[in-house]
Amino acid sequence: MQAEPSQIADADLLRAVSRGDESALAALYDRYRLILFGLILRILNDRSEAEDVLQEAFLQVWRRANDFDEPRGRAFTWLVTIARSRALDRLRVLSSRARLIEADKQAVSYEPGDAGQEAAKSERGEIVRQALRELPNEQRRALLLAYFEGLTQAEIAERLGDPLGTVKTRMRSGLIKLRDLLRDRSRDLI
Amino acid sequence: MEHAGYSELLAAQAVDALDAAEARAVLAHVESCAECRRELAGLRDAAALLAHAAPLAAPDDDVRARILQAIRGLTESPKVLPLPSSSNGWPNVLRLAAAIAFVALLLGLIVLWRRDAASRRQITEVTRQLNRQQRELQTERENLAQQAAALALLTSADAKKIALAATTTAQNARATFAYDEKSRRGILVIEGLPPTPADKAYQVWVIPKGLAPIPGRTFIISNNGRAIVADNFPLEAGSSSVIAVTLEPKGGSGAPTGAIYLASPAG
């Protein structure tokens, strides 16, 4: 790779990875390790498990970079989806060992406001968190429960004691509103 | 369900909040509906950005090195495992050879250490070779472990086993598929397939009843017509799905396009 890695588009890096370019994988790691590790850690709440899953996720990126299909989605979405599915798979394994008791204690920390000071440095992250703050509380809560806990709509309804139909509407309205807010504010993101 | 009904489920699908049956139905609809496909892609992009709601966190520095070391191991070991040869003595021969090479290299190192500074470069070279040999040995060990895991799955009582029959395309082909629902590990042991043409690859498919085929791994067949394909398979592989192998363009396809070479009977 001749150009500065920071100037190469994600999709080009993924194509280079699919040709077996290790430095492209390293560049993707350097670019996204903070957000992907933050995501995995938020799901698993255990550093050592999260590091293991981060490694698994990048090995999957290495093996499956061929599957990335640019017309059907953004590279960032593809990477985040791999990291999140791996983390939720691991969460399901761990939850059978009652690890969730620990996570439940932290269940109050859904508010995007306390997303951490380091995160505030990322401009992109700030746009997303601002948009999340503009969603009605119930919509945001339903979305984040699905996203970070891997719960289905039915499980969310049970957890919150709300009717299933209400949860479905909130989730749908919430994600559509989030998408529209982000589209208005940054064409670069969506 | 009509288009409008599916369209209402797309947001939930984008955060994987549908139950398995709903998700399958939505994905099957999306395959045939360009409008829903675009909508789902946009909602998935929005959902992926929810990752920003988690605090950024730095993994330990050695994770990067671990990943790069692991992919070197993957690159050197073929993704499709060759069948173990009938005489199973070779791993020991290999180990012995590696051990002899190891000792020889060590001796070489000692001799070189005694020479003056001009020899340093040679020492570096020998060390590099030694490292490479150790990596190769490690790769070989991982290969053996993978083969052992594959054979364990094939002989496991918990694993579900299905025979795949040849089609008229290649009448001598046959295969066995073993699948463990708990671990989602599956293995396909194949014999008698014709060698893969240069610009093509064989591809594995899981075809749930009445739904779109789910693409699996691609693989290449060399002269002996054999391959073992070990992979994680979707849960559908354990139900009444058909497991099939087709010939596709190199790199694989999203939906089958080529001739069917092997298929399990429809459940």
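This is a predicted model: local features need pLDDT of at least 70, side-chain atom pairs count only at pLDDT 80 or more; totals for chains, interfaces and linings use all residues.
**Exercise 1. Determine which helices of chain A are tied together by the salt bridge between Arg90(A) and Glu56(A), and classify both residues as buried, partly exposed or exposed.**

Step 1. The closest N and O atoms of Arg90(A) and Glu56(A) are 2.7 Å apart.

Step 2. Arg90(A) is part of helix α4 (residues 75-95) and Glu56(A) of helix α3, so the bridge ties together parts that are 34 residues apart in sequence.

Step 3. Arg90(A) has a relative accessible area of 14% and is therefore buried, since the limit for that class is under 20%. Glu56(A), at 26%, is partly exposed.

Step 4. Both residues belong to one network of salt bridges with shared partners, which joins Glu49(A), Asp52(A), Glu56(A), Arg86(A) and Arg90(A).

**Exercise 2. Locate the two ends of the salt bridge between Asp60(B) and Arg47(A).**

Step 1. The side chains of Asp60(B) and Arg47(A) meet at 3.4 Å, N to O.

Step 2. The pair crosses between chains: Asp60(B) is in the loop between α3 (34-48) and α4 (62-76) of chain B, and Arg47(A) is in helix α3 of chain A.

Step 3. Asp60(B) is partly exposed at 40% relative accessible area, and Arg47(A) is partly exposed at 38%.

Step 4. For the structure as a whole, a search over all chains finds 27 salt bridges.

**Exercise 3. Describe the setting of the positive phi values of Asn45(A) and Arg184(B).**

Step 1. Asn45(A), which is not a glycine, has a phi near 60°. Its place is the loop between α2 (22-44) and α3 (47-64) of chain A, where Asn45(A) is partly exposed at 33% relative accessibility.

Step 2. Arg184(B), likewise not a glycine, has a phi of about 65°. Arg184(B) is found in the loop between β2 (174-180) and β3 (185-191) of chain B and is partly exposed at 38% relative accessibility.

Technical notes
Residues are numbered from 1 along each chain as its sequence is written. Chains are lettered from A and ligands numbered from 1 in the order in which they are written. Side-chain values use heavy atoms; hydrogens and water are left out. Helices (H or I, at least four residues) and strands (E, at least two) are DSSP runs, numbered from the N terminus. Buried means under 20% relative accessible area, exposed over 50%, partly exposed in between (1.4 Å probe, protein chains only). A salt bridge is a side-chain nitrogen of Lys or Arg within 4 Å of a carboxyl oxygen of Asp or Glu.
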